[in-house]
Amino acid sequence: MKVFPDRLAQTLTGTLPRVLLVAGPEPLLVEESMDTIRRAARSSGVPERVVLDADARFDWSQLTTATETGSLFATQRLVEVNLPTGKPGKEGGAALREWVGESRDDILVVKCNAWEIASEKSVWFKALDQVGVFVPCWSVKPHQLPKWIAARLSDRGLRIDQTGAQFLAERLEGNLLAAAQEVERLALLYPQSHA
């Protein structure tokens with residue numbers, strides 16, 4: 001199931017999905033989505049987190065080992081697999097498919113900082129998508145940035161007209177991190193007012 005970052009928190013209320021894939025070229029949206037997942041896991045009573053960095057030399061048997069080893073403190077863990085390239089390779093794809101094919105208590109989150117639409121046709125992606133949630137984190141297009149800024153300000157209790165949002169978008173030149181920081185700065189300067 002595909003869920004965009006702005007709808008992720010709503011999707012994660014209640015029972016958490018067994019598998020989540022957060023992928024895309026926009027670092028801010030990827031990290032915010034990961035933070036949303038971690039908060040939802042903590043509020044659902046998942047206290048422990050295991051992080052695996054799947055670089056080019058990663059031994060994919062570590063995924064099975066990390067999840068088969070019992071935890072002293074928790075019955076359920078959040079297992080994060082950082083896959084920077086978005087491509088697990090043959091061995092990684094098989095390990096991910098095997099993981100989702102088995103009955104497990106742990107929650108698997110695969111984070112990809114690089115993503116291509118072609119990856120959505122891979123066998124490993126289809127296996128994860130069939131049982132879990134896919135969070136695509138695409139860059140916000142320049143013509144969508146004013147609306148994104150206005151929505152972000154609205155979430156902070158601030159209002160901005162279209163001209164103001166357009167002005168900020170032009171000055172920030174499509175840099176989403178800078179836009180998010182500017183929104184936070186405005187929220188601090190003008191709490192609950194018109195920006």
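## Helices α3 and α4

In this predicted model, helices α3 and α4 are roughly parallel to each other, because angles under 35 degrees count as such and their axes cross at roughly 30 degrees. Helix α3 covers residues 61-68 and helix α4 residues 89-101, and the two axes come within 9 Å.

On the α3 side, the contact is formed by Leu63, Thr64 and Thr67; on the α4 side, by Ala95, Leu96, Glu98 and Trp99. These residues of the contact divide by class into four nonpolar, two polar and one charged.

## Overall architecture

The secondary structure of the protein chain amounts to eight helices and five strands. Read from the N terminus on, the elements follow the order α-β-α-β-α-β-α-β-α-β-α-α-α. The C-alpha trace of the chain spans about 55 × 35 × 25 Å along its principal axes.

## Packing of α6 against α7

Helix α6 spans residues 145-155, and helix α7 spans residues 162-172. Their axes come within 8 Å and cross at roughly 115 degrees. Angles of 65 to 115 degrees count as roughly perpendicular, and α6 is therefore roughly perpendicular to α7. The crossing in which α6 passes α7 is right-handed.

Leu145, Pro146 and Ile149 of α6 make this contact with Ala165, Gln166, Leu168, Ala169 and Leu172 of α7. By class, the contact of α6 with α7 comprises seven nonpolar residues, one polar residue and no charged residues.

## Packing of α6 against α8

Helix α6 also packs with helix α8 (residues 176-189), at an angle of about 35 degrees and with the axes 10 Å apart. Here too α6 makes a right-handed crossing, passing α8.

From α6, the contributing residues are Leu145, Trp148, Ile149, Arg152 and Leu153; from α8, they are Leu176, Ala179, Ala180, Val183 and Leu186. The class count for the contact of α6 with α8 is nine nonpolar, no polar and one charged. Leu145 and Ile149 of α6 take part in the contact with α8 and also in the contact with α7.

## The largest pocket

The largest pocket holds about 890 Å³ of space. Its lining consists of 24 residues, and those nearest the centre of the pocket are Pro5, Asp6, Leu29, Trp148 and Arg152. Two or more lining residues are given by each of α1 (8-11), α2 (27-43) and α6 (145-155). Helix α2 provides the largest share of the lining, with six residues. In terms of class, the lining residues divide into eleven nonpolar, four polar and nine charged.

Trp148 and Arg152 are among the residues nearest the centre of the largest pocket, and both belong to the α6 side of the contact with α8.

Notes
Residues numbered from 1 in each chain as written. Predicted model: local features only at pLDDT ≥ 70, side-chain atom pairs only at ≥ 80, totals over all residues. Heavy atoms only, no water. Axes fitted to C-alpha atoms, helices over the stretch in contact; angles between N-to-C directions. Helix = DSSP H or I, 4+ residues; strand = E, 2+ residues; numbered from the N terminus. Parallel < 35°, antiparallel > 145°, perpendicular 65-115°, else oblique. Contact = heavy atoms within 4.5 Å. Nonpolar A, V, L, I, M, F, W, Y, C, P; charged D, E, K, R; others polar. 1 Å grid on protein atoms, 1.4 Å probe; cavity = no way out; pocket = protein on both sides within 12 Å on 5 of 7 lines; lining within 4 Å. Points joined across faces, edges and corners; volume = space filled by probe spheres on them. Left-handed = near helix turned anticlockwise from the far one by under 90°.
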